[in-house]
2 protein chains.
Amino acid sequence: MKHTNGILEIPGDSVGFVTTKYYTFANPPHDLLLTSGKKIGPVTLAYETYGELNEDRSNAILILHALSGTAHAAGYHGPDDLYPGWWDTYIGPGKIFDTNKYFILCSNVIGGCNGSTGPSSINPGTGREYALDFPIVTISDMVNAQWHLVRHLGIPRLLAAAGGSMGGMQALQWAISYPDMVQSVVAIATSSSLSAQGIAFNEVARQAIFRDPRWNNGNYYHSEKPHDGLALARMIGHITYMSEKLMHEKFGRKLQNSDLFSFNFDSEFMVESYLHHQGIKFVSRFDANSFLYITKAIDYFDLRADYGGSLMKAFENVSADFLLISYTSDWLYPSEQSREIMRALRANGIHAVYTEIESDFGHDTFLLDDERTQRNVANFLRSEFDRIRNSNGYHARGI
Amino acid sequence: MKHTNGILEIPGDSVGFVTTKYYTFANPPHDLLLTSGKKIGPVTLAYETYGELNEDRSNAILILHALSGTAHAAGYHGPDDLYPGWWDTYIGPGKIFDTNKYFILCSNVIGGCNGSTGPSSINPGTGREYALDFPIVTISDMVNAQWHLVRHLGIPRLLAAAGGSMGGMQALQWAISYPDMVQSVVAIATSSSLSAQGIAFNEVARQAIFRDPRWNNGNYYHSEKPHDGLALARMIGHITYMSEKLMHEKFGRKLQNSDLFSFNFDSEFMVESYLHHQGIKFVSRFDANSFLYITKAIDYFDLRADYGGSLMKAFENVSADFLLISYTSDWLYPSEQSREIMRALRANGIHAVYTEIESDFGHDTFLLDDERTQRNVANFLRSEFDRIRNSNGYHARGI
């Protein structure tokens, strides 16, 4: 995106200006029942759509965001926007998620802080922010809330549920929770459950927030916010999103402002400045309590848990096709975790494609303009869309 | 070690009861000149020795500790000690560092908090703790301080300088700073400079301390200590000392007290409890400011820096033999960093042995009872000791 003479030039393959919409459901007494057994209602989901739903309503793709994502996946909210939506390189006319062809939907997760009901929302029971009275939500709960939105939009079945990282977890969960409603799954840089090391990193990040006195047991909405803790949490997370090699090549041991050591505790290495910058950027757009809830949902995610510890059993009733992609340098969601899912899918005779992409960019590769990821997703989607348009033949072939 | 009826049973291969000693030097105006250009004095080093210096003073081995180590490398301070020194599995009669044969010396680094001069020591200029008035120290400064102690003990030349992690950095630095005084180097799980990722982890750990309000810009010695920040710093560090595989096998996704999720923010996964335990244990024995100074020294360490960016040049005047050991699952100090040192040593025609040991235990393997590490070190030391005892023949052979 360019600004020429202060005027935003929208590229031709952009969805252009978009508006976030809101859908509220689960109005009491029809609250949303959560995995924990608690109920919550009403629930609002913020969402955006790009492209048009076709006549037979067979071209809808649900895009699922990662930890810090939002409903704003593509385009611009206005002429002053410095950056487009978080997956803009993937979504637009002629792009991978081609809005000339597909109807794209992305919603902010329940528990989030970008328009959907979460800990910073007003609790109708008290008239104040939920804060820690917000119930713990799971990846299943996020998916169940999205189900209401998908039904509301008149979509009987998703051509694809697609996402990376926590978005990939939701995509997998969609295929299991609503097997009749998911034609295909695109799950990138993800896992059927977070590793012990992943839980460890989430816990130290949460502790950075808990230990910030401004966090105040979650009650900071009318006072100073726990920016110190949230920024540190983000810094910790950011280390895990990059590969060691990328950090080495991007920063190495280079200093920020000088050739000489400062011999004090200033953050003088470029890698330190970079992390501080990431931390500071984050606090202006994210709620510390949402960070706690969403990382907890990621920690709890375990597809085996409801199936006696068997990943194969978890996929037993699934009818979707799958595309899995992992990255060689992703050490937070290592390739072996995708291969594990592949084995479980194939043991069920499910049509599943897996690509391990050589990348130095670590976990965050899925957010970048990676040509190989895009080509794989585009080919898979094209084939899925062809199949659904010829669905009798497709089912008859039993592929 | 066992307690029978409350009585400590000292194993036969233990050095038994030991006492920490102290040596003070660099009394003004003969202060120690630091890398930063600042001076400090007097300087006290806490140290322990095990075994006896032989008549020709050729059997002295200097043991160098890592980030959180102390001078107490072996034996017990008293009958109530629950644990022996930090490298007790390596040091004792008949052990790898055989105290029947070698004279073992270990000192706490300058900047530390276990008896050596550091930020928690009294600044003679003010009568109060140095806190952040303590000058930044480097690995070189640690080594220069040790040099005073080695000379004080009448050791003309070290049979070996040996350590893991930051201890390995000091061992390498000894060979470069004092080439005539080092017969051999044992450098385990170490590097010629910390990676960008390593600096990143040290920085987020330091930030955990800086952001604890009890840290109070380093002035907490007469008030509540920044235990929250220091414990979190240790938790972050501890993740990096273990391999992902070890975490998986040791904890996986197991819960601490229940089979069911708590659906709150308690630390319920075993891996979380383990990290909390490590954090809490640490604050009772370590000073937060020392953590800042020592991690900074590690970040600054770069053998190339004084040699125009050439690691080969750094070793040009070195006469020591080298044993390098790395561990396959050590992702904080990956094997490639040891291989890099090996290439520089061999380019200088230096006698150097390298072993990459298959281990699932990550960086901390060097602290464990690892038989392959011990065998490699024992063989290397035996050969070095034989060489020095026949030193004329040795030099004549030009090996």
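Some ground rules. Residues are numbered from 1 along each chain as its sequence is written, and chains are lettered from A and ligands numbered from 1 in the order in which they are written. Since the model is predicted, local features need pLDDT of at least 70, side-chain atom pairs count only at pLDDT 80 or more, and totals for chains, interfaces and linings use all residues.

Start with the pair. Two copies of a chain are related by a rotation about an axis and a shift along it. Here, a rotation of 180° with 0.0 Å of shift along its axis puts chain B on chain A, at an RMSD of 0.0 Å. The superposition is by least squares on the C-alpha atoms of residues with pLDDT of at least 70 in both copies. So this is the relation of a two-fold axis. The same surface serves both copies: 100% of the contact residues of chain B recur in chain A. Contact has a cut-off here: the C-beta atoms of two residues, placed from the backbone, lie within 7 Å.

How many residues does each chain give to the contact? Chain B gives 43 residues, and chain A gives 43 residues. Now look at the side of chain B that touches chain A. Helices 3 (196-210), 4 (227-241), 5 (244-250), 6 (270-283) and 7 (288-300) of chain B each give two or more residues to that side. Helices here are DSSP runs of H or I with at least four residues, strands are runs of E with at least two, and both are numbered from the N terminus. Helix 3 of chain B has the largest share, 10 residues. By class, that side of chain B has 22 nonpolar, 10 polar and 11 charged residues. Nonpolar means Ala, Val, Leu, Ile, Met, Phe, Trp, Tyr, Cys and Pro; charged means Asp, Glu, Lys and Arg; the others, Gly among them, are polar.

Stay on helix 3 of chain B. Its axis is 7 Å from that of helix 4 of chain B, and the two pack at about 160°. Axes are lines fitted to C-alpha atoms, for helices over the stretch in contact, and angles run from 0 to 180 degrees between N-to-C directions. That makes helix 3 of chain B roughly antiparallel to helix 4 of chain B. The scale is simple: under 35 degrees is roughly parallel, over 145 roughly antiparallel, 65 to 115 roughly perpendicular, and the rest oblique. Helix 3 of chain B passes helix 4 of chain B in a right-handed crossing. Right-handed means that the near helix is turned clockwise from the far one by less than a right angle; anticlockwise is left-handed. The residues in this contact include B:Phe201 of helix 3 of chain B and B:Leu230 of helix 4 of chain B. By class, there are 9 nonpolar, 3 polar and 1 charged.

Over to chain A. Its domain assignment gives domain 1 (2-194 + 306-397) and domain 2 (195-300). Such bounds come from an automatic or database domain assignment. The centres of the two domains of chain A, taken over C-alpha atoms, are 25 Å apart. In chain A, 28 residues of domain 1 are in contact with 25 residues of domain 2. The side of domain 1 of chain A that touches domain 2 of chain A has 16 nonpolar, 9 polar and 3 charged residues.

Next, two helix pairs in chain A. The axes of helix 3 (residues 196-210) and helix 7 (residues 288-300) of chain A come within 10 Å and cross at roughly 160°. That makes helix 3 of chain A roughly antiparallel to helix 7 of chain A. Their crossing is left-handed. Among the contact residues are A:Ile199 of helix 3 of chain A and A:Phe291 of helix 7 of chain A.

The other pair is helix 1 (residues 139-152) and helix 2 (residues 166-177) of chain A, at about 70° with axes 9 Å apart. That makes helix 1 of chain A roughly perpendicular to helix 2 of chain A. The residues of this contact divide into 5 nonpolar, 5 polar and no charged.

Last, some backbone details. Most residues other than glycine have a negative phi, and most peptide bonds are trans. Which kind of peptide bond, cis or trans, runs from A:Gly41 to A:Pro42? That bond is cis, with omega near -5°. A:Pro42 sits in the loop between strand 5 (39-40) and strand 6 (43-50) of chain A. A:Asn216 has a positive phi, near 55°.
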